[in-house]
Amino acid sequence: MSLKDKKSSVLIPVILLLVAMLSIQGGASLAKTLFPAVGAQGVTAYRLFLGTIILMIFLRPWRKQTTRTPAPGARWWLVAYGLSLGGMNLLFYMSLRTVPLGIAVALEFIGPLAVAMCSSRRVVDFLWIGLVIIGLGLLLPLRQSVNGIDPVGACYALGAGFFWALYIIFGQRAGANYGTRSVALGALVATIIAVPIGVAHAGSDLFALSLLPVAIGVAILSTALPYSLEMVALTRLPAQTFGTLTSLEPAIGALSGLIFLNETLSWMQWMGLFAVIVASMGASLTIKRKAKLETVEIEKGGVVLDK
């Protein structure tokens with residue numbers, strides 16, 4: 001393979017991953033425009049319901065797989081995976097009601113970042129932990145200022161991060177038993193939980209046909225398109241590169257909020273975002289080799305995907 005071909009083989013999946021992250025944050029911005037009509041609960045129901053239909057069509061989880069036999073009791077890992085997926089989506093959208101998109105993404109990122117750092121206990125890891133603490137200190141409403149963050153919204157975002165961590169842990173178990181089917185089946189479990197909550201909150205407004213085009217747009221931008229692009233990127237990029245690039249997502253979220261929602265941040269909040277991004281990049285670059293190999297195998301199975 002020539003040098004030009006090698007560069008192309010790396011550049012293409014990097015571009016696909018960046019497009020996937022832009023799609024996810026653009027979908028979140030679009031979702032926020034639906035809040036006045038159906039609330040965060042209704043938007044969660046929209047995304048999971050329509051996203052599950054798309055995943056079912058493309059992944060067809062009902063097909064019998066002869067190469068993988070689920071272990072006894074594996075369905076409970078699948079249920080736990082679906083519940084964590086539903087909780088992650090619901091709490092993230094609840095946080096977006098009062099917290100700027102970029103800050104909500106940064107706070108939510110604490111969950112998977114904690115999971116990554118728990119795989120290693122070297123001295124350098126304390127540096128990343130310290131940066132996270134500094135970032136939280138700059139982001140959380142620990143001070144009185146014009147740009148102070150709503151504490152309830154911040155708790156929702158941190159709660160979403162907690163469920164994101166569970167999503168990774170339970171997703172590993174579910175993926176080991178069900179492979180790529182676990183994505184669609186887990187989304188189905190999440191939908192079963194989220195739709196009744198959305199209907200209870202939004203009532204008949206949830207079935208307004210005028211909202212359907214935007215809801216479909218949210219499902220495509222937040223689920224179908226980025227998951228497909230990430231799947232391609234995961235098979236062509238090292239886990240370290242993938243983790244480092246996804247660390248940019250809080251910044252992409254902040255820019256998306258600025259462009260589409262007119263959400264402005266103070267310089268201290270930008271510094272907090274920067275601290276979380278650097279900590280996430282650092283954890284990705286210094287994580288143990290064994291952990292990286294395990295992660296990429298899980299990711300290739302189609303489980304550890306961005307939300």
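Are Glu263 and Lys32 buried or exposed? Both are buried (under 20% relative accessible area; exposed is over 50%, partly exposed in between; 1.4 Å probe, protein chains only).

## Model and fold

This is a predicted model, where local features need pLDDT of at least 70, side-chain atom pairs count only at pLDDT 80 or more, and totals for chains, interfaces and linings use all residues. Residues are numbered from 1 along each chain as its sequence is written, and side-chain values use heavy atoms, with hydrogens and water left out.

The protein chain has twelve helices and zero strands. Both kinds of element are DSSP runs numbered from the N terminus (helices: H or I, at least four residues; strands: E, at least two). Of its 307 residues, 53% count as buried.

## The salt bridge

The whole structure holds one salt bridge (a side-chain nitrogen of Lys or Arg within 4 Å of a carboxyl oxygen of Asp or Glu). Its partners are Glu263 and Lys32, at 2.5 Å, N to O. Glu263 sits in the loop between helix 10 (249-261) and helix 11 (267-286), and Lys32 in helix 1 (residues 3-32), so the pair ties together parts that are 231 residues apart in sequence.

## Cavities

There are two cavities of 30 Å³ or more. A cavity is a set of points on a 1 Å grid over the protein atoms alone where a 1.4 Å probe fits but cannot get out; lining residues have an atom within 4 Å of a point. Points are joined across faces, edges and corners, and a volume is the space filled by probe spheres set on them.

The largest cavity has about 90 Å³ of space. Its lining counts 13 residues, with Leu48, Leu85, Ala187, Thr223 and Tyr227 nearest the centre. Helix 2 (35-59), helix 3 (74-96), helix 7 (181-202) and helix 8 (212-234) each supply at least two lining residues. Helix 2 gives the most, with five. By class, the lining has eight nonpolar, four polar and one charged residues (nonpolar: Ala, Val, Leu, Ile, Met, Phe, Trp, Tyr, Cys and Pro; charged: Asp, Glu, Lys and Arg; polar: the others, Gly among them).

## Nonpolar surface patch

Leu83, Leu188, Ile192, Ile193 and Ile197 form a nonpolar surface patch, with about 410 Å² of accessible area together. Patch residues have over 30% relative accessible area and no salt bridge, and nonpolar side chains (Val, Leu, Ile, Met, Phe, Trp, Tyr) are joined within 5 Å. Areas come from the Shrake-Rupley method with a 1.4 Å probe; for residues, only the protein chains shown count as cover.

Helix 7 gives the most to this patch, with four residues. Ile197 lies in helix 7. Ile197 is partly exposed, at 34% relative accessible area.

Notes. 1 Å grid on protein atoms, 1.4 Å probe; cavity = no way out; pocket = protein on both sides within 12 Å on 5 of 7 lines; lining within 4 Å. Patch = residues over 30% accessible without salt bridge, like charges linked within 9 Å, V, L, I, M, F, W, Y side chains within 5 Å.
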